[in-house]
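Visitor: Hi! Could you walk me through part of this one?
Guide: Happy to, let me bring it up.
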Amino acid sequence: MLQLQSTIEEQLILRAIKEECCWESLPKRLQASLNTKDEWHRRIIAHCIKRRLLWRTSFVRKVCREGEYYEDMMRYLRKNLALFPYHLAEYVCRVMRITPFRYYCDILFEVMKNEQSYDRIPNFSAADALRLTGIGRNEFIDIMNKCRSKKIMWKLNKSIAREALPTQPADVTIEPWWGVCLVNFTLEEFKKLSEEESGTIDKICKEEANAFMLFDPVVIKGLYRRGLVYLDVCVYAEDRFKVCRLEGFVSNREQSYEDPIEELLYAVFVVSSENSTVAELATTLQVQLSQLQAAASFACRLGWAVKLIDPGSMLQEPTSPKNAISDDDEASRTSVGSLNMSVDSSVFDQDSTDNSGCTRVAFVVDANITSYLMMGSVSPGLKSHAVTLYEAGKLGHASIKDLCNDLSSLQGAKFEGVLQEFANHAFSLRSVLECLTSGGITSTNEETVPTTTAQTVVNESDDSEDTNDAEKVTTKKIRKYNVDILRCESLATLAAATLDRLFRRNYEIVVSMLPLPHSSVLPGPKVPVHFGPPSYSSLTPWMKLVLYSAARSGPISVVLMKGQCLRLLPAPLSGCEKALVWSWDESSVAKFDQSLVKGNILLHCLNSLLKHTAILVQPLSRYDLDDHEKFSTMDVPLPLKNSDNSVPDIGKELGLDVNESLKLNLLLENLGNRIELWTVGYIRLLKLFKESDPNSFKPDEYEWVPLSIEFGIPLSSPALCNNICKRIVSSQLLQTNLFTDHQNSMQELRKMLQQVCTEYQATGSTARMFYQRDQPKADPHTKGQSQNKLLMTYASQRWNPLTDPSSPISSMSDHQRIKLANRQRCGSEVLSFDGNILRSYALSPIYETVMGMFEEASDASGVKTDDADSREAILPGVNLLFDGSELRPFDIGACLQARQPVSLIVEASLASSGLK
């Protein structure tokens, strides 16, 4: 309660500072908490210092003097080892005469004097100090070792560490468009100027444009080293930039102090695009333009961002209001900094011509990729790419070609142990990037692709074509692609609205790797094309149930609700050799580990897991396993169909024999007709023993059934990744007009997922009917009471085979799969296990009538949940059993602990009915 009250007071104080409320106009509550007017002024000064606000445009101008404010700020920044406030250089550098070099030398000395670790310095401060002083981690350790070697002298006089620091700044790179500004000279300094320096200073004072390229670089660098000029890197609203490699980045441990500019820089690295202006990036991130200008200015000072403008505009001073959009024009101009721009013509050619006709693709990976690249780095390039991807969260398309070249150096190398996992990811990453950048065609040097008129390919020419001849081959221009690699952990730090704006504004296609971490944020349904999971429910076993139900094929599967405790296993699970266990909560059972549990410990395992999550169990007999007690799977790459809707011979592509290939193609053709899978990923098939009548003498046969479907590109398996890339090429997926087809197929899949989740969740029609929740009111003119009495028989789980129509399926023995498949089916039924026999209970039309009433009530309520926007896992609200072709409710009341025997329940039910 005290914490909540403190938070409310802090919010009120921030609001009062933003509205520039004086002490007299503060609410009585705040005056009571602040006590005095001086305390209110100290709060204002502290807030403005933490936000690095300009004195003359903030509330602090009414509280203290300008010099006092900036002196307090510099003391605060030194204490917290923060970044140098470049956006305040007009006062800090010009008036106070504090240079960035001097500032970072003071910081390094304070850390050395206190004998603190180099990791104490924040990442960006350490990188900027390295750029200006040349002192990095190794140099810091070397100076500290030399100081400590002097023993008693070091203990008595810590200032010897300052003597080891450089006296002049390192030779930094100054871009031609950077501005040169003067400081306030003293008379002695002015007298010591040479003739060339005096002429340069006069030119700086007279010229409207002060770009570095207009002056003698030798003279300017000499003045800069003596602290007589400072560099002004201006960012304006119309500027565009792109992020480069983070050369010179220093990765220290996590810091307790968070710089607002440093925090914003990480977001800028992820959302930046050369097609977006600074003003558009500020809108995307929902931050003030002046803050984004300061962050972008710092990025280009360190060479991590490149400004993209017309070279002729460097000679013009952008002083018009439209070039400095901000809430306060003066504040916007003072938040200096502009993005690092190379005047090489190749930069302008790349962004003005190539990008105008290219489709932007975002390839989303996890942090494991960066660790793999760092672990097995055999070239400096891989390490640089890994650092950039990890720290910036993004690797731009300009670096993809260099990354592929560096990855190609691993070709032919042999690895063992953990390094083999690195090699697999490296080989797969290279294959995916080459496939995407080439547009899914075999030769990147081709300029055209032949297609028939039945295919829909992007045609960038306006010439009319004769479409009467269906066999006529037309030549159409290849669609080009630029690929950016994004780290999903960095995307997860962005707000949902910001992430949605990022994908919609910067990219047309998003491709996800497999497997994605559980904390990943999926693009919303508004993203044009996402080759990845269509919704969060598709990452759970719900997707398997949808796949099995649509294909009417799959392994026997039992869904158990969370919170149950079993005293014995129901018939489909009892007697199994092993079982596959899948969890709705990935923290309990790793999804891609294929957790195979032995049958003799299955009961204990299920009870342990059911305390935390719902689970899906798939029993396997001893005939389903090989000699090593492993099950066999086969991965079929997607898409299943070609661009002309023909079905390829995938069995032949996978190297199967004629019979196996025929069976596989029939299965995939049936699956493709039931589910439209115009996307990227793979279907995993499971090899099961095909049970036959035990009285017959047919030879043993096996069949392939779908086990799971995954959307995206798996990087852990080079072979599967290559097969998916081959399917992308053969289907011309990236050269077709896939927006409509892909959206329709994914929307249909989301609809199927939502229907299954809605029906079988705790508030769904099946669960409500099964447990008699929220029973609809019966019409008084009908036989409502008799209906309720009949329905209570089914919904209360009091199944009586003597009075209810039932058919026994199997007992706790072998051949359960064939008995389930060959049982007599009916329109609506419930499967029940009474402890000995698995039975199928046919539901009367009364049950179906009331079930329809529940569905109509759900539709009439108008409550529709969009699963794609909800990360919360939807758990099943009723036990289910997939018998190999259909999904049915499953009553296992007799298997649960703390339950009375069924005979006593029936007897009590009959007795209470007799009393009525």
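Predicted model: local features only at pLDDT ≥ 70, side-chain atom pairs only at ≥ 80, totals over all residues.

Visitor: Great. What is the strand order in the open sheet of three strands?
Guide: The order is 16-17-18, and the pairing is antiparallel.

Visitor: Which strands stand at the edges?
Guide: Strand 16 (633-638) and strand 18 (701-711) do. Each has a single partner strand, so one side of each lacks a neighbour in the sheet.

Visitor: And how buried is strand 18?
Guide: Eight of its eleven residues are buried, so strand 18 is largely enclosed by the rest of the structure.

Visitor: How many bridges join strand 16 to strand 17?
Guide: Six, with strand 17 covering residues 681-690. Within that pairing, Met634 has Leu685 in strand 17 as its bridge partner.

Visitor: What about strand 17 with strand 18?
Guide: Those two pair over ten bridges, again in the antiparallel sense. Lys690 is found opposite Glu701 of strand 18.

Visitor: OK, helices now. Which strands does helix 28 lie across?
Guide: Helix 28 (residues 658-674) lies across strand 16, strand 17 and strand 18, and runs at about 45 degrees to strand 18. Helix 29 packs on the sheet too, where it touches strand 16 and strand 17. The direction of helix 29 makes about 35 degrees with that of strand 16.

Visitor: At what angle do helix 22 and helix 29 pack?
Guide: About 10 degrees, with the axes 9 Å apart; helix 22 spans residues 418-437 and helix 29 spans residues 718-731. That angle makes helix 22 roughly parallel to helix 29.

Visitor: Which residues meet there?
Guide: From helix 22 they are Asn424, Phe427, Ser428, Ser431, Val432 and Cys435, and from helix 29 they are Pro718, Cys721, Asn722, Cys725 and Ile728. Of the residues in this contact, seven are nonpolar, four are polar and none is charged.

Visitor: Changing topic: which residues of helix 26 are buried?
Guide: Helix 26 covers residues 602-610, and its buried residues are Leu602, Cys605, Leu606, Asn607, Leu609 and Leu610.

How values were computed:
Residues numbered from 1 in each chain as written. Heavy atoms only, no water. Buried < 20%, exposed > 50% of the residue type's maximum accessible area, 1.4 Å probe, protein only. Helix = DSSP H or I, 4+ residues; strand = E, 2+ residues; numbered from the N terminus. Axes fitted to C-alpha atoms, helices over the stretch in contact; angles between N-to-C directions. Parallel < 35°, antiparallel > 145°, perpendicular 65-115°, else oblique. Contact = heavy atoms within 4.5 Å. Nonpolar A, V, L, I, M, F, W, Y, C, P; charged D, E, K, R; others polar. Pairing = 2+ DSSP bridges.
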